[in-house]
2 protein chains.
Amino acid sequence: MPIPDIDHLVGLVARLPGLGPRSARRVVLALLRDPRGKLLPLARALESAAVSVRTCSSCGNLDVEDPCHICRDPARAKDVICVVEGVNDLWALERAGAHRGVYLVLGGVLSALRGVGPADLNVGPLFERLREGAVKEVILALGATVDGATTMYWLQEKIGPYRVEVTRVAQGVPMGGTLDVLDDGTLAAALSARRPV
Amino acid sequence: MPIPDIDHLVGLVARLPGLGPRSARRVVLALLRDPRGKLLPLARALESAAVSVRTCSSCGNLDVEDPCHICRDPARAKDVICVVEGVNDLWALERAGAHRGVYLVLGGVLSALRGVGPADLNVGPLFERLREGAVKEVILALGATVDGATTMYWLQEKIGPYRVEVTRVAQGVPMGGTLDVLDDGTLAAALSARRPV
C-alpha cells in the first residue's frame, strides 16, 4: 500500500514495544475506521501528554507537575524512600498500594554489558536527602537480576556512611524477573516482608 | 496513578485491538520516555492521517485521495473486480501482489447473528459498474466462513443477470479463517487457482 501517510503511521506504531508490522496494521486500521471517535482523541491525548508530562526533579517519576503528586502528598512519609529501576516499577508498586513513603526512580541499573555506570543513574536526589539527614529508611526494590543485585550492593555501600536503615524487598520476586510484571499480591507481600540488608 | 493525562492516554491505547491495560501502560511509558523522538511524531502522524485519509467512493479502500491510487492506476484492469470484506483483506492481497485488477470493499459480510443485511454492504459501486457493462469478471475473495459463503452465494445470485464471469478464490483459505492472517504464498495460490462458481 504505497500510501505515505498510512505507511508512515504503521511504521511508527510497529516500533512500539510489544507490537510488530501485523498488529500495527490492525491498530492503524481500527483507528482509520473511526477517525472522529478513536483517531483524533488519541492524537490529541498524545499531543497533550507530550506538552504536559514532565519528570519529577525530586524522584524521577513522570507527572504533569514537578514535584510529582507523590512527592507533594503530605500524607506520604518523606523519610522512607523506595528505590526502583523505572517508572513502570513505581506504577506497579502504586497499583499494589503497598508503599506509603516516597520513591526514587534510578532510570536503570548498573550494567557492565550495556555500559551503564553510576553516573548514568538518577541518584543525586537520594544522596542530597541523605546529606540533609531527612531519611529514616531506604528500601531497595530492584529486580532479582544480576544487574539489580549489583546495583543494590553498590547502593548499600554508598548509603552505609549515612547510618540509615537500608532494607530490600523480600525474596519473592522470582529469580531473573522484573518488578512490573508481578501481581499486586506478590508485590505487597515482598514489600511488607522486607529485611535489613 | 491519578495523573489524568497519562490515565486517559493509557485508557485510549488499551482499547485498541490486541492491546490491554498492561501492554497499554508499556506502550505509553515508552512514548513518554522519548517525547520528541516518539510521542510527538506519532501524535502528528495520527492527526495528519485523520485529516487526509478518506474512503474511496468507487471501491471503499482507504487512501489520501478519492478515487484511491488503485482505482486511478491506468495499469490496473478496471474490468476485473475483486470483492473483499474489509480494507485489511485488500491490503493483504496487495502485499501478495496477486491481483492486477481493482477491488470492491464490502465493509462486512451478511450476518443474521450480527444483523448485517444487504443494505449494510457497500455494493452500490459494483452494480453501477455492472449496469454500465464495464465488467468482465467478478472475483469473490471472502473468507471461508459461514457468513462469507452466504455473502458469496447472495452476490453470485445478484450478479447472475449481468452475464459476467463470477469466480471465487480457491479453497486454500482454511475453513473458518479470515483472509488477512494468511501468508502471501497461500493468498497468491488461492487467487490464481480461482474457479467459476
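**The interface between chain B and chain A**

Good morning. Across the interface of chain B and chain A, the rule finds two salt bridges. Please bear in mind that this is a predicted model.

One of these salt bridges joins Glu47(A) to Arg44(B), with the closest N and O atoms 3.8 Å apart.

Which elements of chain B give two or more residues to the side that touches chain A? They are α1 (4-14), α2 (21-33), α3 (35-52), β2 (62-63) and α5 (87-96) of chain B. Of these, α3(B) gives the most, with 13 residues.

I turn now to the extent of the interface. In all, 47 residues of chain B are in contact with 47 residues of chain A. The area buried between the two chains is about 4600 Å², and carbon and sulfur atoms give 75% of that area. Within chain B, the residues that lose the most area to chain A are Pro17(B), Leu46(B) and Trp91(B); together they account for 14% of what that side buries.

Finally, a word on confidence. Chain A has a mean pLDDT of 87, and 95% of its residues reach 70 or more. Among the elements of chain A, strand β4 (residues 101-105) has the highest mean pLDDT, at 94, while strand β7 (residues 195-196) has the lowest, at 70. Where pLDDT is low, the predicted coordinates should not be read in detail.

Thank you.

Terms used
Residues are numbered from 1 along each chain as its sequence is written. Chains are lettered from A and ligands numbered from 1 in the order in which they are written. This is a predicted model: local features need pLDDT of at least 70, side-chain atom pairs count only at pLDDT 80 or more; totals for chains, interfaces and linings use all residues. Side-chain values use heavy atoms; hydrogens and water are left out. Contact means heavy atoms within 4.5 Å. Buried area is the accessible area (1.4 Å probe) that two parts lose on being put together, summed over both. A salt bridge is a side-chain nitrogen of Lys or Arg within 4 Å of a carboxyl oxygen of Asp or Glu. Helices (H or I, at least four residues) and strands (E, at least two) are DSSP runs, numbered from the N terminus. pLDDT is the predictor's confidence in each residue, from 0 to 100.
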